[in-house]
Amino acid sequence: MKLIVGILKLVYETILVTGPAKPKLDYLRKQGIRIGENCDINTMKFSTEPYLIEIGNQVTIASGTQFITHDGSIVCFQDELQGEIFGKIKIGNNVFIGSDCLIMLNTTIGDNSIIGAGSVVRGNFPENSVIIGNPAKAILNFNIQRMLFRHNPGFVVAQKRSKAEKEKHVKKQLGIE
């Protein structure tokens with residue numbers, strides 16, 4: 001029976017991740033996660049304490065990212081401490097979190113921040129940060145990253161283009177015929 005429930009949960013969560021945003025966000029909110037407006041969340045890997053997670057407005061979270069709100073390693077001291085460790089996670093407004101990141105307990109990400117793919121993030125990061133690595137560090141200012149994007153040879157204005165128009169434009173821009 002547990003196997004069937006597990007499979008149904010996996011199918012349900014997969015449909016939520018790939019399906020329309022509103023049902024997915026409604027589901028996550030019912031789990032206790034506080035989520036702002038205009039968010040694009042492409043993961044269902046939230047910890048066993050979703051009520052400890054707050055996500056601001058205009059946040060994009062790529063697939064594979066996990067949120068961990070507890071520290072299970074305390075079991076090494078269970079005979080002595082007989083307790084558990086928990087911590088909040090707060091994501092500011094206008095934040096992008098790349099694929100396969102690990103966002104740990106006791107973490108705050110300031111507004112206007114970018115977290116690079118695969119980063120392991122724990123601690124307090126100020127607004128306007130570009131954060132990467134394991135352990136993650138703020139390596140750049142958000143506004144400098146904006147300038148670097150604008151001057152990148154691969155930069156293509158792709159919004160409001162059909163898929164075919166975008167493909168044609170990208171190929172031309174990158175010299176692919």
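This is a predicted model: local features need pLDDT of at least 70, side-chain atom pairs count only at pLDDT 80 or more; totals for chains, interfaces and linings use all residues.
Side chains of opposite charge can pair when their charged atoms come close. One of the two bridges joins the side chains of E54 and R34, with an N to O distance of 3.7 Å. This pair links distant parts of the chain, since E54 belongs to strand β4 (residues 53–55) and R34 to strand β1 (residues 34–35), the two residues being 20 residues apart. E54 has a relative accessibility of 29% and therefore counts as partly exposed, and R34, at 41%, is likewise classed as partly exposed.

The other salt bridge is formed by the side chains of K171 and E167, for which the N to O distance is 2.9 Å. Both residues lie in helix α5 (residues 163–173), and because they are four residues apart there, about one helical turn separates K171 from E167. K171 is partly exposed, with a relative accessibility of 33%, and E167 is also partly exposed, at 43%.

A single aromatic pair is present in the structure. The ring centres of F46 and F67 are 4.8 Å apart and the ring planes make an angle of 20 degrees, so that the arrangement is classed as stacked, the cut-off for that class being planes under 30 degrees apart. The pair links distant parts of the chain, with F46 in strand β3 (residues 45–46) and F67 in strand β6 (residues 66–67), 21 residues apart. F46 is buried, with a relative accessible area of 14%, and F67 counts as buried at a relative accessibility of 1%.

A further buried position is I109, whose relative accessibility is 1% and which is located in strand β10 (residues 107–109). When neighbours within four places in sequence are left aside, the residues in contact with I109 are K90, I91, G92, V95, I115, V121, F125 and I131. The C-alpha atoms of I109 and N124 are 6.2 Å apart in space, whereas the two residues are 15 residues apart in sequence.

At the level of secondary structure, the chain comprises five helices and 15 strands. Six of the strands form an open sheet with mixed pairing, in the order β2-β5-β8-β11-β14-β15. Its edges are strands β2 (40–41) and β15 (136–141), each of which pairs on one side only. Strand β14 (residues 129–133) runs antiparallel to β15 and is joined to that strand by five bridges; along this pairing, I132 stands opposite K137 in β15. Helix α4 (residues 142–150) packs on the sheet, where the helix touches β11 (113–115), β14 and β15, and the direction of α4 makes about 65 degrees with that of β15.

Over the chain as a whole, buried residues account for 33% of the 177 residues. Of the contacts between residues at least 6 apart in sequence, 23% join residues at least 24 apart. The accessible surface of the chain amounts to about 11400 Å², and carbon and sulfur atoms contribute 57% of that area.

Conventions:
Residues are numbered from 1 along each chain as its sequence is written. Side-chain values use heavy atoms; hydrogens and water are left out. Rings of Phe, Tyr and Trp (its six-membered ring) pair if their centres lie within 6.5 Å; planes under 30 degrees apart count as stacked, over 60 as edge-to-face and the rest as tilted. Buried means under 20% relative accessible area, exposed over 50%, partly exposed in between (1.4 Å probe, protein chains only). Contact means heavy atoms within 4.5 Å. A salt bridge is a side-chain nitrogen of Lys or Arg within 4 Å of a carboxyl oxygen of Asp or Glu. Two strands pair if DSSP finds at least two bridges between them. Axes are lines fitted to C-alpha atoms, for helices over the stretch in contact, and angles run from 0 to 180 degrees between N-to-C directions. Accessible areas come from the Shrake-Rupley method with a 1.4 Å probe; for residues, only the protein chains shown count as cover.
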